[in-house]
Amino acid sequence: MKKRMGKVRIMVLIVALAMVSILSACSKENTSEPNTSNGAKATNSQPATESASETTNAESETVDPLGKFDPPIEVKIGRTADGFKFEAGESIDKNRVYDFYESDLGVKLINEWIVPGDQYAAKSNVAISSGNIPDVFMVDGIQLRNLVEAGMIEDLTEVYEKYVSEDTKKTVDEDGGYAVNAATIDGKMYAFPAVTQGFWTSNMLWLRQDWLDKLGLTPPKTMDELVHIASEFVKNKPDGVDTYGLGVSKELSQFVVNGFFNGYHSYPFQWVTDSDGKIVYGGIQPETKTAVLALADMYKAGLIDKEFGVKDAAKTREAVIAGKLGMVYSSFGYAFSNIKDLYVNNPDAVLRAYPMPSADGAPAKAYVGPTAGSFWVVKKGFKNPEVVIKLANFFTEHWMVNPKSDYGTGKDSGIMYWQYSILQFNSPLLQVNEHRRVKASFLANEPFDKYPNTSNEYFYLKGMYDYAKNPKDNKNADVQNGWMYNTTFGTPNSGAEVLDYYFTNNQTMTTPLKIASTPTMSQKMPTLTKMEEVFYTKVILGEAGADDFDKFVADWKKQGGDEITAELNN
Amino acid sequence: MGSKKSSQQLATIVISIAMLVLGIVCLLPVIHIIAFSLSSPAAANSGKVLLWPIEFSLDAYTYIMDEPKFGKSFLVSLERVGLGLSISCLLTLLTAYPLSKESARFRSRTFYVWFFVTTMLFSGGLIPTYMVVRAYGLLDTIWALVLPGAVQVFNITLMLNFFRGLPKELDESAFVDGAGHWTILFRISLPLSLPSLATIALFTMVGHWNAWFDGLIYMNRPEHYPLQTYLQTIVTNPDMSRITNFAELKNISTRTVKTAQIIVAMLPIIVVYPFLQRFFVKGIVLGSVKG
């Protein structure tokens, strides 16, 4: 009897729990609703003020893009803060830049949460899923779409038109409209795009110039020459240790050898325009087959690390630093990482960037990716949605157009105050333009203090002079930095110079995408990318051959590829 | 007889060697990390360092000492372990004791047992749990790290079964002498259960020390992060294809500092482990009734 009672109790308990879990699931789905209704209420309760402000605007007709909020408004934000340094008495919650926002724009910034950059996605996802987002914060393309579908953010179409300043608009439009398009869903602009550069995905060929000189070789123009150089490196061991020919690591999808594919006019992991003007996936084109088989040949010939399939990009960098590798494909900023230690270990090391060689007569084109991957949005129901546009104008005015040294970099402390600002964005050609200026000054032997000490050019040029003066003084930290700046921004054959070459000679392949993501893309792209990466790895290792390529293409199409392609072409 | 003995000796030798190899295999990565942290960055970045530091340098450690974030996170972790350990152990004891009694003496026992077991099988999931924590106003406080996982059903089961293994006669004789449940729990059951208490204490402690994800989710400031959350943010390799500025690129060069922080973070738990481990030795209970 008692036992049965126990059983009944258990049943009741389980049923109750099941109901609770169902209920909680329901409430989870509905989380966006209270927000929307709150938002609706908030807008409803504000008609008086809104119409009032509209009428004043209509009366004056001129809207000041930098106009101060009076009375000041409070804005809760979510932000990143990596490795910031502060003057005594300042913090991320109370500092000169935040005071500047408050005094000159009437915006009091309150950090609702702060998170290191690489954890931003996790933190913001939790905030979005739980329906508890800050007033203003940054999201990626997929989150933007989700927020719009859940009705959690404000439509900014009107306020953008009304409040955006000339200078801000110029920077945002510099990429030909991609950024604004990416922030627009169903014809409405829902976010301010944090414009950045698209060429971080562009590859170039990095070579140990001193090795080439030592072996009497010239930089490669064709893929055959590239293979020849790789085999010469392996044969001759220029630094006296066992040497790999070409650097390849397991993260093929992170553009570690994309330049090699580009040499065959193939664009794996990326979307391109075909001859009919349609958007197609580069990874399934016949050129990719040729390219990956050529890479497999190099592997067979012993020119690629036998263990590349288990080694990450950090290991490739280690090999370069240790003098075991003298040829890698990477972005223009390759030397800006710990690659500097190559020079610290070996004063004779010279690393030079070259445009990618090509398999045939046509020059290889570098892939230029999206210029906006991050978007600033405003929570639904926030009274002053124009604040996000004004913050962008404020950033343009005080950090780009008329930089204020008080909020740039501290003269003595070297503390970068500008990092505290929010809604940062910069010109899609920033580093190329910096390079052009620095190069001209360097060749004309102009003093580096021609530039304000808040600017990057000041440091780049100073470093280049330091290195040029004592190129062998590799234990001196200033010269070490000089080597790094010279290799990235200097001349000849720095990373940025090759970028400049790509742009002036039209050797770029710009992403055809006009949107950040599609519904199927956000669901299936990670799986497809993984599949592609695994397939290429197998081909290079010789475990799969030319015949398997067609099967891979069929699989790729079937598992969502076709669907995404169709969505993109709509 | 003699051959049996020698074969036994052989077995001992083989086992010892196997364990020795296993031990070395476990130790090698740690030694590598220590060597790495004591080398100069240039040597470390060129992949030359294996088990012995090259171009010995203490720079990485002095850097940590000057890095306020590391110290702050360290304190948060200590606070978390201290609070978490005491609260968890107390709650576990208080829950396990009544549940270890028979259904005849504790009527709704089965109900409560199933109540707890169900929570072991079904969890609310990340977002609902987050919303609960938020609703209680625990976000960005140390309690968000301590309270949500304070009652571990697995630990309760462990403790409960241990209590049940204690001879009933002990309780009965104590009752006869006029003891109440509190006295029995704290004066008799608890002292006899130290080995299992030590076990769950160790589990809880290591769990709290190693947890990082909740710190990231519940804390709104990097300076409130426990140590492992902080370490997680510095040791993960960035996705190279997503890097769009120089600050991120520069970040990947400080590997000696990262390894040094891993070593310092490892120390406390390594120090505590051997002291708690001796409690694992059982057999205390066996003697208590006979005596």
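A residue is called buried if its relative accessible area is under 20%, exposed if over 50%, and partly exposed in between, using a 1.4 Å probe and protein chains only. With that in hand, we can say that buried residues make up 54% of the 570 residues in chain A. This is a predicted model, in which local features need pLDDT of at least 70, side-chain atom pairs count only at pLDDT 80 or more, and totals for chains, interfaces and linings use all residues. Residues are numbered from 1 along each chain as its sequence is written, chains are lettered from A and ligands numbered from 1 in the order in which they are written, and side-chain values use heavy atoms, leaving out hydrogens and water.

**Chain A in outline**

- Chain A holds 22 helices and 14 strands; these are DSSP runs numbered from the N terminus, with helices being H or I of at least four residues and strands E of at least two.
- Of the contacts in chain A with a separation of 6 or more, 75% are between residues 24 or more positions apart, where contact means heavy atoms within 4.5 Å.
- About 24700 Å² of chain A is accessible surface, and carbon and sulfur atoms own 53% of that; such areas come from the Shrake-Rupley method with a 1.4 Å probe, and for residues only the protein chains shown count as cover.

**Chain B in outline**

- Chain B has 16 helices and zero strands.
- Buried residues account for 39% of the 291 residues in chain B.
- In chain B, 70% of the contacts between residues at least 6 apart in sequence join residues at least 24 apart.
- The accessible surface of chain B is about 16100 Å², with 69% belonging to carbon and sulfur atoms.

**Two helices that meet in chain B**

- Helix α9 (residues 168-176) of chain B and helix α10 (residues 181-192) of chain B have axes that come within 11 Å and cross at roughly 145 degrees; axes are lines fitted to C-alpha atoms, for helices over the stretch in contact, and angles run from 0 to 180 degrees between N-to-C directions.
- On the α9(B) side of this contact are B:Leu170, B:Asp171, B:Ala174 and B:Phe175, and they meet B:His181, B:Ile184, B:Ile188, B:Ser189 and B:Leu192 of α10(B).
- The residues of the contact of α9(B) with α10(B) comprise six nonpolar, two polar and one charged; Ala, Val, Leu, Ile, Met, Phe, Trp, Tyr, Cys and Pro count as nonpolar, Asp, Glu, Lys and Arg as charged, and the others, Gly among them, as polar.

**Aromatic rings**

- Over all chains, a search of the whole structure finds 57 aromatic pairs; rings of Phe, Tyr and Trp (its six-membered ring) pair if their centres lie within 6.5 Å, and planes under 30 degrees apart count as stacked, over 60 as edge-to-face and the rest as tilted.
- The pair of A:Tyr343 and A:Trp483 is stacked, because the ring centres are 5.5 Å apart and the planes stand at 5 degrees.
- A:Tyr343 sits in helix α15 (residues 340-345) of chain A and A:Trp483 in helix α19 (residues 477-489) of chain A, so this pair ties together parts that are 140 residues apart in sequence.
- Both A:Tyr343 and A:Trp483 are buried.
- Ring pairs also link a cluster whose members include A:Phe100, A:Tyr101, A:Tyr160 and A:Trp399.

**Around A:Asn486**

- Helix α19 of chain A is also the place of A:Asn486, which counts as buried at 7% relative accessibility.
- Leaving aside neighbours within four places in sequence, A:Asn486 is in contact with A:Arg352, A:Met464, A:Tyr467, A:Thr491 and A:Ser494.
- A:Asn486 and A:Ala335 are 151 residues apart along the chain, and their C-alpha atoms are separated by 9.4 Å.

**Backbone details in the loops of chain A**

- The peptide bond from A:Asp70 to A:Pro71 is cis, with omega near 0 degrees, and A:Pro71 is in the loop between α3 (47-60) and β1 (73-80).
- A:Thr491 and A:Pro492 are joined by a cis peptide bond with omega about 0 degrees; A:Pro492 belongs to the loop between α19 and α20 (495-504).
- A:His265 is not a glycine, yet has a positive phi of about 60 degrees, and is partly exposed with a relative accessible area of 23%.
- A:Asn506 has a positive phi near 55 degrees and is exposed, with a relative accessible area of 60%.
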